[in-house]
Amino acid sequence: MSQAVDSSLLGNTPGHPNLSASGGSRLVSSIVIALALTGAAAAVFFVRDRDMLGYATLAVPIIIGVVCHPRLALYQFIFSLFVGIVVIPESAVSVVLLSALVLIAAAALDLALKPEQAKSFPALSANYIALLAALFLTALFAFEPSQSIRSITRVGVVFVTFLALVRLLRYFRTGEALRVYFLAATAHAVFAAGAFIASGGQLRSFAFAPAILDDLLLLALPVGLALYLGARAGEGRWYALGAVIVFAGLIATQSRAALMFGLLGSSLVMYFMTRRTAQFQNSIQLALARSRVRGIFLVTGACVLLSLVFLSDLFAGIAERFERIITTDPGGTFKLRLILWKGALLAFWDNPLFGIGPGNFTSIHNIYSQMHMDPGWYWVRGLSATSLFMHYLAETGMVGTVIMLSLFVKQLRLARAGLQKLGTGGGLRVALYVISFLVLLTTIFEAGWLWGHASMIAVLFFAIISSQSRTLSTP
């Protein structure tokens, strides 16, 4: 055994003393004993039919290992975004929430080991703090103040997760987080597309992330397309394949809004990647990007024609879903959204300054009894307004809505500032800017980027945008 353990195993802590051979032996013995005790405790739980506690006990050593390695903490958080599993039924405890707590613990440990590397609060911190203050203020005027606790706590957890992400992202190479996200999205899109095809187009497939995969793939598509268009000659074919798979997965979700925003985001990426700007002065690379865009249009047009001729039955279900939103008598989920938006506007009109209070929209029918008069309300009771903008109008009035929108506008301004910087990595800067724009735009129509699973997706990109002062590497 060597006389010392590499300091990198200790997180490269400056000034940390090397372990002697005897110290290393004691460390190994302690680890073995701890693992044995953990296994014994888990066995006891399994024997007593406490399976959840048994699995949780077995997970403790893994969690400790992840917390001690910042890169692993970041990887597990990104991958957990694609797992929409609730650990405890009838609760908000999900895989992604537990993953966020592991991430926060890893950031806290990193801060404790390297306090000298702590900097001032990152960009967007002031916006989160202002939002929390607005929630506290509007909760004072809430119809039922006790229901505001969960909403305030939820935003508080998102804010701490944001700080943890910014802290740990410095362990990633520039642009690595976006590539890891795209890789995870591609893998899950394979499962979604496969299930969709196997069902003959009848199944709305979300792989392992029920009802949220469409938002995940919507934000992954611009990344793959930008990586492909920015790749050098002879490279980028894998990015192109990944983008195709992500788009196929998006189709498999049959989410109308996500598909339309995905096409919009793709169009914006192609527009920015084919403009001669400070980031794209290389005429050869610019010509290559323009050639690839022409190829995308040709291949897409051919695929659409072939699908109409040979695969019309496969896409009949999604075509029918789009038909419902262009009729004068909307139905399905779109009609239910209109009912929720009507309720949100009613609450805002009655309480324009402070709203009915954070967390109170799910019980709005107790505030306005006339909501029961609409037969469709039976199907949407207890839901959010589905639109973050409408939801905040109802719950926090103008006070909370303006501050909430300022957060999303600020992240767009930061992403635009990053886009305008000189340097390499123009493709990833474009992808980040387009994602930032889509996140802001979708706050009006859908996507609750400040609650539930979606909040953890948004906070990842907010953290990347906030820490993008590092130059993104060339795709």
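Reader: Happy to have the model open! At what angle do H3 and helix H6 (residues 148-168) pack?

Author: In this predicted model, the axes of H3 and H6 lie 10 Å apart. H3 passes H6 in a left-handed crossing. The packing angle is about 130°.

Reader: Thanks! Which residues in H6 does H3 meet?

Author: H3 brings Pro 70, Ala 73, Leu 74 and Phe 77 to this contact. The residues of the contact, taken over both helices, divide into six nonpolar, one polar and no charged. On the H6 side, the residues are Thr 161, Leu 165 and Leu 168.

Reader: Now to helix H7 (residues 176-198): how far apart are the axes of H3 and H7?

Author: Helix H3 covers residues 70-80 and packs against H7 at an angle of about 40°. H3 passes H7 in a right-handed crossing. Their axes are 9 Å apart.

Reader: How many charged residues are in the contact of H3 with H7?

Author: From H3 come Arg 71, Tyr 75, Ile 78 and Phe 79, and they meet Glu 176, Ala 177, Val 180, Tyr 181 and Ala 184 in H7. Seven of the contact residues are nonpolar and none is polar. The number of charged residues is two.

Reader: Staying with helix H10 (residues 256-273), is Val 269 buried or exposed?

Author: Val 269 is found in H10. Leaving aside neighbours within four places in sequence, Val 269 is in contact with Pro 222, Leu 225, Ala 226, Leu 229, Val 430 and Val 434. Its relative accessibility is 0%, and a residue under 20% counts as buried, so Val 269 is buried.

Reader: What distance separates the C-alpha atoms of Val 269 and Ala 431?

Author: Along the chain, these two residues are 162 residues apart. In the model, their C-alpha atoms are separated by 6.6 Å.

Reader: One more residue, please. Which residues does Ser 455 touch, not counting those up to four places away in sequence?

Author: Ser 455 lies in helix H18 (residues 452-466). At 2% relative accessibility, Ser 455 counts as buried. Its contacts beyond those places in sequence are Val 158, Gly 448, Trp 449 and Leu 450.

Reader: To finish with the whole chain, how much of its accessible surface belongs to carbon and sulfur atoms?

Author: The chain has 18 helices and zero strands, and buried residues make up 45% of its 475 residues. Among contacts between residues at least 6 apart in sequence, 76% join residues at least 24 apart. The accessible surface comes to about 23100 Å², and the share belonging to carbon and sulfur atoms is 69%.

Terms used:
Residues are numbered from 1 along each chain as its sequence is written. This is a predicted model: local features need pLDDT of at least 70, side-chain atom pairs count only at pLDDT 80 or more; totals for chains, interfaces and linings use all residues. Side-chain values use heavy atoms; hydrogens and water are left out. Axes are lines fitted to C-alpha atoms, for helices over the stretch in contact, and angles run from 0 to 180 degrees between N-to-C directions. Helices (H or I, at least four residues) and strands (E, at least two) are DSSP runs, numbered from the N terminus. A crossing is left-handed if the near helix is turned anticlockwise from the far one by less than a right angle, and right-handed if clockwise. Contact means heavy atoms within 4.5 Å. Ala, Val, Leu, Ile, Met, Phe, Trp, Tyr, Cys and Pro count as nonpolar, Asp, Glu, Lys and Arg as charged, and the others, Gly among them, as polar. Buried means under 20% relative accessible area, exposed over 50%, partly exposed in between (1.4 Å probe, protein chains only). Accessible areas come from the Shrake-Rupley method with a 1.4 Å probe; for residues, only the protein chains shown count as cover.
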